[in-house]
Amino acid sequence: LNYRRMPSLLEYLSYNCNFMGILAGPLCSYKDYITFIEGRSYQLQQSEANGKEDTKYEQTDPSPNIAVAQKLLICGLSLLFHMTITKTLPVEYNIDDNFRATASWPVRFFYLYVSLMAARPKYYFAWTLADAINNAAGFGFRGYDKNGVTRWDLISNLRIQQIEFSTSFKMFLDNWNIQTALWLKRVCYERASFSPTIQTFILSAIWHGVYPGYYLTFLTGVLMTLAARAIRNNIRHYFVESPSVKLCYDIVTWMATQVAISYTVVPFVLLSVKPSFTFYSSCYFCLHIASILVLLVFPLKRTQKGSKKHESIQPVWSQKLEEENLLQKNSYSTTNNSFSQKQEITCRYQALKQ
């Protein structure tokens with residue numbers, strides 16, 4: 001989001017050190033923050049949502065009480081789940097020697113999924129609580145929907161339902177740590193001159209910290225993202241015409257996405273190199289190999305960014321040619337008009353002379 005005025009020192013320090021975002025976030029743009037601090041967020045969001053000023057919305061500021069109560073309820077349920085279920089399903093059990101030796105592959109993949117699902121509520125708790133705190137302070141108001149209901153998700157960091165039922169790797173990433181993903185998109189993906197996906201994942205790993213597990217997760221994530229994109233671009237259109245076939249396709253892709261996500265983020269939880277490689281070697285690096293094979297078999301289509309660059313070259317030449325043709329036509333028509341005008345004037349002069 002562009003902000004064309006240089007902030008003062010007080011505004012800069014206020015944005016970086018404000019109590020609502022200094023600990024757990026969520027990250028917000030400077031423009032949204034300063035608009036809230038100056039008390040202009042309600043008016044701007046109302047005019048954006050409704051297209052014109054509406055007196056019934058201008059009379060009182062919208063109340064965040066319902067949104068805060070709902071998010072605190074989610075926090076309570078997430079904390080309860082974390083303190084009860086999560087401890088009974090540790091991620092470290094995926095590399096237990098006895099479990100690897102005795103459990104079948106379906107059991108191992110099922111436990112992989114449920115153990116990583118059980119590890120997510122702590123993030124749900126922290127990010128939802130941070131969002132609720134911001135909303136309680138009046139920050140996070142996005143506007144009104146078409147029914148006039150207030151929306152308090154301007155700086156929300158996750159969408160739990162879309163995460164748990166995501167049917168593609170991209171859908172999961174789009175709904176997880178949303179504000180950081182938007183920041184990465186602005187500062188890296190949209191500015192990268194080559195391989196924006198790879199550069200963005202590497203930057204995300206550096207941003208998270210120095211644990212080797214972060215780098216293993218995000219490098220694996222590059223393979224998974226590119227492979228999932230290739231499969232979706234080349235296969236999905238065959239399964240969307242019939243509702244029943246699409247339902248089956250969604251179920252299969254949901255299962256594949258959840259397993260792929262769980263497989264990818266195990267090093268993120270284990271943090272160290274040795275346990276991470278123990279896990280991947282116990283799975284024979286199966287999804288790594290499968291992703292590479294997918295990229296070798298299915299062609300990767302150009303991203304929108306690349307296609308736009310490619311398309312922007314062609315019109316330049318065609319526009320120049322069209323402009324030159326138009327100039328030639330205009331000059332030709334101008335010459336003809338001037339010539340015909342001269343002939344007409346000459347004829348009139350001779351007629352008057354006679």
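**Exercise 1.** Determine the angle and axis distance at which helix α13 (residues 212-235) and helix α16 (residues 286-297) pack, and classify their arrangement.

*Solution.* The two helices pack at an angle of about 45 degrees, and their axes are 9 Å apart; axes are lines fitted to C-alpha atoms over the stretch in contact, with angles running from 0 to 180 degrees between N-to-C directions. Since angles under 35 degrees count as roughly parallel, over 145 as roughly antiparallel, 65 to 115 as roughly perpendicular and the rest as oblique, α13 and α16 are therefore oblique to each other.

This is a predicted model, in which local features need pLDDT of at least 70 and side-chain atom pairs count only at pLDDT 80 or more, while totals for chains, interfaces and linings use all residues. Residues are numbered from 1 along each chain as its sequence is written, and side-chain values use heavy atoms, with hydrogens and water left out.

**Exercise 2.** Identify residues through which α13 meets α16.

*Solution.* On the α13 side, the contact (heavy atoms within 4.5 Å) includes Leu-223, Ala-227 and Ile-231, and on the α16 side Leu-287, Ser-291 and Leu-295 are among the partners.

**Exercise 3.** Describe how α13 is placed against helix α14 (residues 243-270).

*Solution.* Their axes come within 6 Å and cross at roughly 155 degrees, which makes α13 roughly antiparallel to α14. The contact is made by residues including Tyr-214, Phe-218 and Met-224 of α13, and Tyr-263, Val-265 and Phe-268 of α14.

Terms used. Helices (H or I, at least four residues) and strands (E, at least two) are DSSP runs, numbered from the N terminus.
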